[in-house]
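Me: I've got a model open and I'd like to learn how to read it feature by feature. Could you give me the general idea each time, then the case at hand?

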Amino acid sequence: MKKFIIFVIISVMVALTACSQESSNDASTEEGSSNGSGGGEPTEVPSEITFGAATVGGVWYTIAGAMSDKMKEIFPDSSVAIVEGGSTANLLGLGDGTFDIAFTNGEAISEANNGTGEFEEPINNFSTVATMYPNPVQIIVRADSDIQSVEDLKGKKVSPGIRGYSGELAFLRILDILGMSYDDLDGIEYTGTEEAANLLRDKHIDAWIGNLAAPAATWQEMDTTVGIRLISLDEDVIDQMYEQNPGYVPYTIEAGTYPNQDEDVRTVAPYTVLLVNNDTMPEDAVYEFTKMVVENNDAWSTISSTLNDFDAEYSVENNTGEMHPGAERYYKEIGVME
């Protein structure tokens, strides 16, 4: 009798253990098929691909719109929603799963990865698809202004673009290196680029600063009417910005970039980088997306001449951030990456 009872107890324990293992395996399988950050590799393209760009009318928003039309060809079962964002906002959107694809500036990538600057904690669930063109930090004053250097902005009213955008962050870094702050200025005016041009034209502000592809149409137009002048950064400031964040690449805005610009202007230029969300975009989809982005470069350059140099070789040579395996596969396939 005792032997029988022991046999029954052992049988029940074996059965319970088997059920527990089966349940665990089922849960593991279910988790592995998830597209979320807690699971394995994503397997399906989102039914709605959310694309983080920037303000309407800007280069990022316009290019995102052109890309969305092409994306319908490679992702016919998905729609594309373009969202106004910005360099920092787009990385935060990738981090919390709001965005599947996004533009950012190169200097923000290392800060997001390390949880520094504007990022309270590290964000690492994104990868690079393409590095497209430089966005030089431009400090613009009227041609008849007495401002010749950043230090001359003391007591002046300045627009650093839109609050919290990359232009303001670069300006704050420049001021800090020079031992200056907003307290040294007469005032700050947060505006979009076109509004800033109108304020500068009417002498309601003395200078504008921002990260913007050169030449920018707004400032080209103003240079032909009122006349503008670009302020160079000191070499020491350029070196320190690059040392603090290698996304701030030393850059020269060559003479003639703007109609009346007769001298080279020394500055720094974070690159515009196109990113994907590792948690929502499958590798095969990223491969197709990278191919579409690179092989339609002629279409993007008609939108902005800043993309005239963009192609596969340019993207690999200037790569910023960790490249996605799907993008790597494409670049290796066409022979521009080892």
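Reply: Let's start with contact, which means heavy atoms within 4.5 Å. This is a predicted model, where local features need pLDDT of at least 70 and side-chain atom pairs count only at pLDDT 80 or more, while totals for chains, interfaces and linings use all residues. Residues are numbered from 1 along each chain as its sequence is written, and side-chain values use heavy atoms, with hydrogens and water left out.

Me: Which residues is V237 in contact with, leaving aside neighbours within four places in sequence?

Reply: V237 contacts I174, I177 and L178 once those neighbours are set aside. V237 sits in helix α8, a DSSP run of H or I at least four residues long; strands are E runs of at least two, and both are numbered from the N terminus.

Me: Is V237 buried or exposed?

Reply: Buried means under 20% relative accessible area, exposed over 50%, and partly exposed in between (1.4 Å probe, protein chains only). V237 has 2%, so it's buried. D236 is in α8 too, which spans residues 235–244, yet D236 counts as partly exposed because its relative accessibility is 48%.

Me: How does a helix show that kind of pattern?

Reply: An α-helix has 3.6 residues a turn, so residues three or four places apart point the same way. Take helix α3, residues 87–95: S87, T88, N90, L91, G93 and L94 are buried there. After α3 comes G97, with a positive phi near 85°.

Me: What does S166 touch, not counting residues up to four places away in sequence?

Reply: S166 touches S87, N105, E107 and N211. S166 lies in helix α5, residues 166–177, and it counts as buried because its relative accessibility is 9%.

Me: How many salt bridges does the structure hold?

Reply: Side chains of opposite charge can pair when their charged atoms come close. A salt bridge here is a side-chain nitrogen of Lys or Arg within 4 Å of a carboxyl oxygen of Asp or Glu. The structure holds eight. One of them pairs R201 with E221, whose closest N and O atoms are 3.0 Å apart. R201 is in helix α6 and E221 in helix α7, so this pair ties together parts 20 residues apart in sequence. R201 is partly exposed at 25%, and E221 is partly exposed as well, at 40%. Shared partners also join E283, D284 and R329 into one salt-bridge network.

Me: Is D144 buried or exposed?

Reply: D144 is exposed, at 53% relative accessibility. Its salt-bridge partner is R142, with the closest N and O atoms 3.0 Å apart, and R142 is buried at 12%.

Me: And the chain overall?

Reply: The protein chain has 12 helices and 12 strands. Of its 338 residues, 46% count as buried. Among contacts with a separation of 6 or more, 73% are between residues 24 or more positions apart.
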